[in-house]
Amino acid sequence: MLVTPENINDLAWNKSQDGLLPIIVQHAFSGKVLMQGYADKSALEKTFKTELVTFYSRSKQRLWTKGEESGNHLKLKEISVDCDKDSLIALAYPVGPTCHTGTETCWADNAQPDLSFLSDLQDVIASRKGADANSSYTASLYAKGVKRISQKVGEEGVEVALAATSGDKDELICESADLLYHLTVLLQSMDLELNDVINKLKERHAK
């Protein structure tokens, strides 16, 4: 279930150690596990109040908001609790690297979910906006403007359809990759993200 300021007391604090429950922070878009910490009631209350993920630091013996010194905050989307109500997951959008070592996650060397690559790709594509047109193909597309990017999306959509019609699965995969890439560029050029599309699909699914 989702945790809210109103039902914090309903969590299984009686099973917690020293009044602390484990809380795993997961990237709200890519699904990557960013870090793990512990939270007491006060930490959860501050998290909801500030919309920044806050823990109880066992080493500092106090509340600790991620990024309070580095600025690498974790912007809260939602918190949920497991069936036993004694373990939490916080979905959040990271600002900068999460790990103190400077990596994106505290498990940076481990394999990540395949779909999380779309998040990585989107970040790379976004970083090309405003760059020298000669520095990369993506930057050159941005320089040509929305009309040209839209044309490329249309062209790639046709190529996907033709590959499927011909029954060429390898070509279908290649053309689909091209379509996803150019669609991401188009969305970014309009100050939109893949997440906006996903949210629309979720909205439709709920109806």
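Me: A polar contact is a pair of N or O atoms within 3.5 Å. So which backbone oxygen lies that close to a polar atom of the Thr165 side chain?

Reply: This is a predicted model, to start with. The backbone oxygen of Ala161 lies 2.8 Å from a polar atom of the Thr165 side chain.

Me: Where is Thr165 found?

Reply: Thr165 is in helix α4, residues 146-166.

Me: Is Thr165 buried or exposed?

Reply: Exposed, because its relative accessible area is 69%.

Me: Is Glu156 buried or exposed? And Lys152, buried or exposed?

Reply: Glu156 counts as buried because its relative accessibility is 8%. Lys152 has 14%, so Lys152 counts as buried too.

Me: Which residues are linked with them in a network of salt bridges?

Reply: Arg148 and Glu155 join Lys152 and Glu156 in a network of salt bridges.

Me: How many salt bridges does the count come to?

Reply: Nine.

Me: What does Lys15 form a salt bridge with?

Reply: Asp86, with the closest N and O atoms 3.5 Å apart. The pair links distant parts of the chain, 71 residues apart. Lys15 sits in the loop between β1 (2-3) and β2, and Asp86 in the loop between β6 and β7.

Me: How accessible are the two, Lys15 and Asp86?

Reply: Lys15 is at 48%, so Lys15 counts as partly exposed. Asp86 is at 22%, so Asp86 also counts as partly exposed.

Me: And Asp120, which residue is its salt bridge partner?

Reply: Lys32, with the closest N and O atoms 2.8 Å apart. This pair also links distant parts of the chain, 88 residues apart. Asp120 is in helix α2 (residues 116-127), and Lys32 is in the loop between β2 and β3.

Me: Is Lys32 buried or exposed?

Reply: Buried, because its relative accessibility is 3%. Asp120 is partly exposed, because its relative accessible area is 25%.

Me: Switching to the inside. Which members of the largest nonpolar core touch the most other members?

Reply: Val3, Leu11, Val25, Leu44, Ile79 and Leu88, out of 22 residues in that core. β2, β3 (33-39), α1 (41-50), β6 (74-81) and β7 (88-94) each supply at least two residues of this core.

Me: Which element gives the largest share of this core?

Reply: β6, with four residues.

Me: What does Leu11 touch?

Reply: Leaving out residues up to four places away in sequence, Leu11 touches Met1, Val3, Leu21, Leu44, Val81, Lys85 and Leu88. Apart from this core lies another, of eight residues, including Ile125, Ile149, Tyr181 and Leu186.

Me: Now the surface. Which residues make the nonpolar patch of about 290 Å²?

Reply: Ile24, Val33, Ile89 and Trp107. Ile24 is found in strand β2, residues 21-27.

Me: Last one. Where does Cys83 lie?

Reply: In the loop between β6 and β7. Cys83 is exposed, because its relative accessible area is 74%.

Me: How far apart are Cys83 and Tyr38?

Reply: 18 Å in space, C-alpha to C-alpha, and 45 residues in sequence.

Definitions and conventions. Residues numbered from 1 in each chain as written. Predicted model: local features only at pLDDT ≥ 70, side-chain atom pairs only at ≥ 80, totals over all residues. Heavy atoms only, no water. Patch = residues over 30% accessible without salt bridge, like charges linked within 9 Å, V, L, I, M, F, W, Y side chains within 5 Å. Areas by Shrake-Rupley, 256 points an atom, 1.4 Å probe, with all protein chains shown as cover. Salt bridge = Lys/Arg side-chain N within 4 Å of Asp/Glu carboxyl O. Buried < 20%, exposed > 50% of the residue type's maximum accessible area, 1.4 Å probe, protein only. Polar contact = N/O pair within 3.5 Å; in protein donor to acceptor, adjacent residues only side chain to side chain. Core = buried A, V, L, I, M, F, W, Y, C linked by side-chain atoms within 4.5 Å. Contact = heavy atoms within 4.5 Å.
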